[in-house]
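Here are some notes on the structure you asked about. Please read them with the model open beside you.

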Amino acid sequence: MRLVVVGDSLLDVDVEGTVERVCPDAPAPVLDVVGEHPRAGGAALAAAMAARDGVDVTLVSALSCDEAGERLRSLVEVPGLYGRTGAVPVKTRLRSGGTSLARVDRAGSGTPEVTDDMLDVVLSADFVLASDYGRGLLRDERLRSVLTRVPVVWDPHPRGPAPVPGARLVTPNLAEATAFSGLAGPDEAARELAARWRARAVVVTLGSRGALLHCGGTPVAVPAPVVRAADPCGAGDRFAASAAVQLAGGAAPDDAVARAVADAAEFLAGGGVSGMRAPLPSTVESVRRRGGKVVATGGCFDVLHTGHVRMLAAARALGDCLVVCLNSDQSVRRLKGEGRPVNRESERVEVLRALESVDDVVVFGEDTPENVLGRLRPDVWVKGGDYTADQLPETAVVRRWGGRTVVVPYHRGRSTTAILSRRA
């Protein structure tokens, strides 16, 4: 089953720090910055959440060609197809002690482009999540026409268009439902919107009170588990992504909403979007603290052979620790085709960690390692092959923080494909 998430993507940046004093010239806190954490937001965040539920996800969105757009592209966790736009929106939160002090928004610009390839991908989907952040992509008439021909969950936005007729489920929160309908009660608002939008079902999310589902007849109230959550950011995306995955898998609307409420609560209890950030390997942090050099390399490493072993040994010799960025099983399958990987992800991790040259392994689900590189920020990125460093797309990524790319000798004739061909 393939889910396509289509909508507006944003660049979110959390600037974390401590506050111990106020400005001498104004009653404003002074944030002493200790770290900056960029992440993909909007439709890209919803796509990442759906992918973590174990489904095959493709993102269809629009990105700019400026620094913010390239940074966002490197953070997207799933395969994507992008049109162009003038500038992606950037939302920067200033945070301390788990609380947001302020948010600085830089609005996007330009009309998002919708290409024929984007339309083809949406039309070929088994199910679609339309993630609207009011930036214009879902106003495109050709795209809206295509969306009437596939099953859709629509997550609306106050500045966005109405959902396309026939949506399987529309997921406004209470403030959005009130603004769209002009009615204050969630029951009345859901009924009005279901009729106005000609939607099969409308669910009004109510935060800590759960959700109210209307799909004809008596509405269904779904309570939420009690959780302590300081940061609600991303809960709506988590709800919509979960509901889409459940409906795509054949669940009834009430069961899908119940699961989505539970998943959103679990997401908040786990720290929300901050909890989605995987910690760096302890080896990397230890090496950095003592001023050492971090080396990273990447690949599928499906059937380990002498070419791999020699390349890994050469990479380890370039620094004080070596981290292998390993393609997940789904990523390998997309890159290599059905029947691959030969060895499961857990087995490949175990074999790599057993090598003396390898200090740690980080698994990533995208087709390329740009996102995981942005988290690791290695001093040296190593690839084995018969090309130059300038030919590698990772080179530009690593240069952002002053890293360098090194190509080690390619051992001709030693490859997983050649090994499997001989067996055949």
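The points below go from the whole chain to single residues.

1. This is a predicted model. The protein chain contains 15 helices and 18 strands. Its radius of gyration is 23 Å, close to the 22 Å that the globule rule gives for 424 residues, so the chain is as compact as a globular protein of that length. Along the principal axes, the C-alpha atoms occupy a box of roughly 70 × 65 × 40 Å.

2. Of the 424 residues in the protein chain, 49% are buried. The chain exposes about 19200 Å², and carbon and sulfur atoms supply 50% of that area. Sequence separation is also worth a look: among contacts between residues at least 6 apart in sequence, 64% join residues at least 24 apart.

3. Helix α11 covers residues 329–336, and its residues Asp-329, Ser-331 and Val-332 are buried. They lie on the same side of α11, because they cover an arc of only 160° around the axis. What lies over the buried residues of α11? The cover includes β15, α12 (345–353) and β16. Just after α11 comes Gly-337, which takes a positive phi of about 100°.

4. A second open sheet to look at has four strands in the order β3-β2-β6-β7, this time with mixed pairing. Its edges are β3 (29–42) and β7, each with a single partner strand, so one side of each is left without a neighbour in the sheet. Neighbouring strands of this sheet are turned by 20° against each other on average, direction ignored. Helix α1 (residues 43–52) packs on the sheet and touches β2 (9–22) and β3; the direction of α1 makes about 70° with that of β3.

5. Strands β6 (residues 90–96) and β7 (residues 99–106) run antiparallel and are joined by seven bridges. Two places to check are Leu-94, which stands opposite Ala-102 in β7, and Arg-95, whose bridge partner in β7 is Ser-100. The hairpin of β6 and β7 has two residues between the strands, and there Gly-97 takes a positive phi near 60°.

6. Last, a single residue. Is Ala-177 buried or exposed? Ala-177 belongs to helix α5 (residues 174–181). A residue counts as buried under 20% relative accessible area; Ala-177 has 0%, so it is buried. Leaving aside neighbours within four places in sequence, Ala-177 is in contact with Pro-172, Gly-182, Ala-189, Leu-193 and Val-204. Val-202 is 25 residues from Ala-177 along the chain, and the C-alpha atoms of the two are separated by 9.5 Å.

How values were computed: Residues numbered from 1 in each chain as written. Predicted model: local features only at pLDDT ≥ 70, side-chain atom pairs only at ≥ 80, totals over all residues. Heavy atoms only, no water. Pairing = 2+ DSSP bridges. Rg over C-alpha atoms; globule rule 2.2 N^0.38 Å. Buried < 20%, exposed > 50% of the residue type's maximum accessible area, 1.4 Å probe, protein only. Contact = heavy atoms within 4.5 Å. Areas by Shrake-Rupley, 256 points an atom, 1.4 Å probe, with all protein chains shown as cover. Arc of directions from axis to C-beta. Axes fitted to C-alpha atoms, helices over the stretch in contact; angles between N-to-C directions.
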